[in-house]
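I opened my notebook to look through this fold, one piece at a time. Here is the model I worked from.

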Amino acid sequence: MTEARRLSLILAVALLALGAIFAGPYVLDTYSVNVLTRSLLYAAVALTVDLLWGYLGILTFGQSVFFACGAYAAGLVFTHMDFSEGNAVLALALGVGGALLVAAIVGWLAFWHGASALYASVITLVLPIVATQLLYSGGTFTGSSSGLSGFMSFDLSMEAWFWLAGSFLVAVTTLAYIVVQSDAGRLLVAVRENEQRCKYLGLDTSRLKILVYLACAVIGAIAGYIYAGYAMVVAPELAGFVFGTELVIWTALGGRGTLLGPVFGALIVDYESAQLAGDYPFVWQLIIGTLFVLVIIAFPRGLLPVLFDIPRKALGLVRKRPAAPPASVTLSTLDAAETQGEEVGDDGPALAVHGVARRFGSLNVLEAIDFEARAGELVSLVGPNGAGKTTLMRCIADGAERSAGTIVINGHDIGRKPPEACVALGVGRKFQMANVFETLTVAQCLQIARARHARPSLWRRARELPLPEAAMHVLATTGLDRQLSTPAHLLSHGMKQALELSMVLALEPRVLLLDEPTAGLTKTERMQIGAILIDLTKKQGLCVLLVEHDLDFVREISSRVIVLHQGRIVLDGSVEEVVASELVKQVYAGSGHAGIAHESGPSTAQEMPA
Amino acid sequence: MIAQTLDIVTTAAILYAVATGLLLVFGVMKIINFAHGGLMTLGGYAALIATQAGLNPWLAIPLAALFGGVAGMAIERFVVRPLYARPLDAILATWGLSIIIGQVITLVFGRGVQFTQAPLEGTLDLFGESYSAYRLALVGIAAALGLALTALLQGTRLGLETRAVIMNEDLARGLGINSALVRFITFTLGSALAGVAGALITPLSSVDPNMGVPWLVNAFMLVLVSGASLASLLAACLVLGGAQVLVATHLSPVLGGLTIAVLAAVILRIRPQGFARD
């Protein structure tokens, strides 16, 4: 399916939905139209819960507050300043502005570098509690517990309100659907799947979360504004924790991460609540509560995917799906003239480490680490387990990690910068355990790795993916380029390692940090990776820092070896010097037992954590 | 001055009694039990039943522990156990449970506000100040609860196994500790403590189907700033509970109601480990 066809299909469905909204008042009774107008607006807020929770992985209890922002802006302006067209615009601006301000404060609190998912949820839980209490204590200004009512509003018929609310819902749902299906939307899933990897791919995930949060706040505020205009009453419950959790319940019932599920979940549950709550108020709540618990335990994806799966499975019995869907993305080699990596530093070292120390309380893991490495050098970092190798890697890739000292990349001091800023300076880090986006395909993982250089589209999906030569080389050598549409979690361990290496190379780093890239690989795979690394340093002029236990491998490919022991550099020299060194043998074999380190290469390779 | 100090100490004691059950569950299972509020409500109604049956009001406490514990067993087995791998979903499922508990109670007892008999009436003279005897008794009860739990965790084999599970569950299992059983017992104990807390607070206010919910958020925030330690929970209760009393008396009661939640959120932003030592 071409891009144009895909987008026109989405628009056609949206037009159909608009048609249904238009027909609504002619086929429904007055009571239903009245109730559904409210449900349509609630559904728009549930949509924002889904964007944040289903796509971005932030469980939020506080979206009700943004709805209340818009509603109270209208209520306050129309009560205290009278209704006029100018004031209507003012109220909308105040509602949206207030929601943006609140969202910015919450975003700053909840999405800072290093905040846990639980902490973000806690903040969104505190938000509605604070908001309700402030509304209660507002006296006659906010109407306290009874809220505001009896203000003038737009002179629209009930049908017109229904159409307005419905068109708003269709518009935001369509927009959200296009965005989450686009290349930019895939970033949201990547952040949910593996935020750490995103940061080390140079993506500012905190900023992305705040941006999505702000957009969701605006949608909520507009929905609230329309609600106040139509209901002509606002109450503190609109901002409350109970409404906030109801939104989460509708989203979970409908199906998180599906957009349409939460929309229909909100419409159906809220409409049915209005129908049944009058006759069986407590039983109805009990049913919803029970259903919610059951869905969370048994169908965590919600009910919409279950509904869709039944006909799909039935169809699957009749006709077989092709085993592997054809690749939707074609790779190409990025023109060398278009590479955007950091320039090679003029003459200075690519990486300069001075006086770096890392302490955990009274424990010194690293002490007085001093070394420099130039472009084109492949420096191996060896030493027994616990020598501080991985800690040193971490200190180079994340400015907040070290306790003392300076680290300069290509002439730029990394200071206290977070990982994504270090990536911008030219650092690429491959983790010890293969660290990829498990649910995304190989091609999608690579696209995310390129997102820093090629800003992804908010509405289109790219068909072509230009990658730097080095990344293409790894893909071609390992055969990953023939598995572009395979989800990453189905890859073998070695293939995952290769995928992560190509993702890091797609960043066009100048300083490449590799933490045991060959751990758990076969001999052949190790040779392939070794050849690629030599090629990267010799031809591309990268500075590679490699942590390795396999001393045979180190001997074959390194231009220099640094030996770490108990947090200090004990030797820094050529391969020959290190291999001949009595000290190194002692470090590896313990001082009492002078085993020959480099001859026990294969067995030391076994001690690495798999 | 003395009245205010007593207010702070008794408030901290009440908060401590309310939060210990939640802390125990969070520490061992890394799960936030949002049914804690519902279980407290259950404990409150156990006290109501005791009053209506004309029992000695002190018997309300073991009765509430029984109610909470039995409900906790069922919740652990059927709801929490399938969700160990999904801690955020466990928050939601337990919140759903507290809705269910609230609605079932409403169906049985009606939604009206009811009152229970306090085990201790009247006031006590302390440092020249006459103060509610029951609130003072709560300090002793909270201290007894804290000491009993500490003794259980530090002095028994079950406690040793529980601490092992808190520190490193995989390793504990590798050493042959039945961590599923430890979790089951912990959740039951935590739920029983929630019930007890519900029974303890009813003489101070009243009983209604949603009485536990306002306590839930404060208890939750206190647990988050304390990590998994009973000692840091005590510190958190004194500091944040004290701040709540001071704000409520000197600024406004409404702001006082927000103090714990807002302060805890700010503390966690500045110092993610909160009151825990590391």
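First, my rule for pairing: two strands pair if DSSP finds at least two bridges between them. Helices (H or I, at least four residues) and strands (E, at least two) are DSSP runs, and they are numbered from the N terminus.

Housekeeping: this is a predicted model, so local features need pLDDT of at least 70, side-chain atom pairs count only at pLDDT 80 or more, and totals for chains, interfaces and linings use all residues. Residues are numbered from 1 along each chain as its sequence is written, chains are lettered from A and ligands numbered from 1 in the order in which they are written, and side-chain values use heavy atoms, with hydrogens and water left out.

**Entry 1, the whole chain.** I counted 24 helices and 14 strands in chain A. The C-alpha trace spans about 90 × 60 × 50 Å along its principal axes. Of the 610 residues in chain A, 55% are buried; buried means under 20% relative accessible area, exposed over 50%, and partly exposed in between (1.4 Å probe, protein chains only). I took a contact as heavy atoms within 4.5 Å. Among contacts in chain A with a separation of 6 or more, 76% come from residues 24 or more positions apart.

**Entry 2, the open sheet.** Which order do the 6 strands of the open sheet follow? I read E9-E11-E12-E6-E13-E14 in chain A, with mixed pairing. Strand E9 (427-430) and strand E14 (568-573) of chain A stand at the edges with a single partner strand each, so one side of each has no neighbour in the sheet. On average, neighbouring strands here are turned by 15 degrees against each other, direction ignored. For angles, axes are lines fitted to C-alpha atoms (for helices, over the stretch in contact), and other angles run from 0 to 180 degrees between N-to-C directions.

I then looked at E9(A) and strand E11 (residues 511-515) of chain A, which run parallel and are joined by 4 bridges. Gly428(A) has Leu512(A) in E11(A) as its bridge partner. Helix H15 (residues 389-397) of chain A packs on this sheet, touching E6, E9, E11, E12 and E13 of chain A, and its direction makes about 150 degrees with that of E11(A). Helix H20 (residues 523-540) of chain A lies across E6, E11 and E12 of chain A, at about 130 degrees to E6(A).

Strand E4 (residues 351-360) and strand E7 (residues 404-409) of chain A run antiparallel, joined by 5 bridges. Leu351(A) stands opposite Ile409(A) in E7(A). E7(A) also pairs with strand E8 (residues 412-413) of chain A, in the antiparallel sense over 2 bridges. There, Val408(A) has Asp413(A) in E8(A) as its bridge partner. The hairpin of E7(A) and E8(A) has 2 residues between the strands, and Asn410(A) takes a positive phi near 50 degrees.

Most residues other than glycine have a negative phi. Met232(A), not a glycine, has a positive phi of about 55 degrees. Met232(A) sits in the loop between helix H10 (205-231) and strand E2 (233-234) of chain A. Is Met232(A) buried or partly exposed? Met232(A) is partly exposed, with a relative accessible area of 39%.

Glu516(A) is not a glycine either, and has a positive phi of about 45 degrees. The loop between E11 and H20 of chain A holds Glu516(A). Glu516(A) is buried, with a relative accessible area of 2%.
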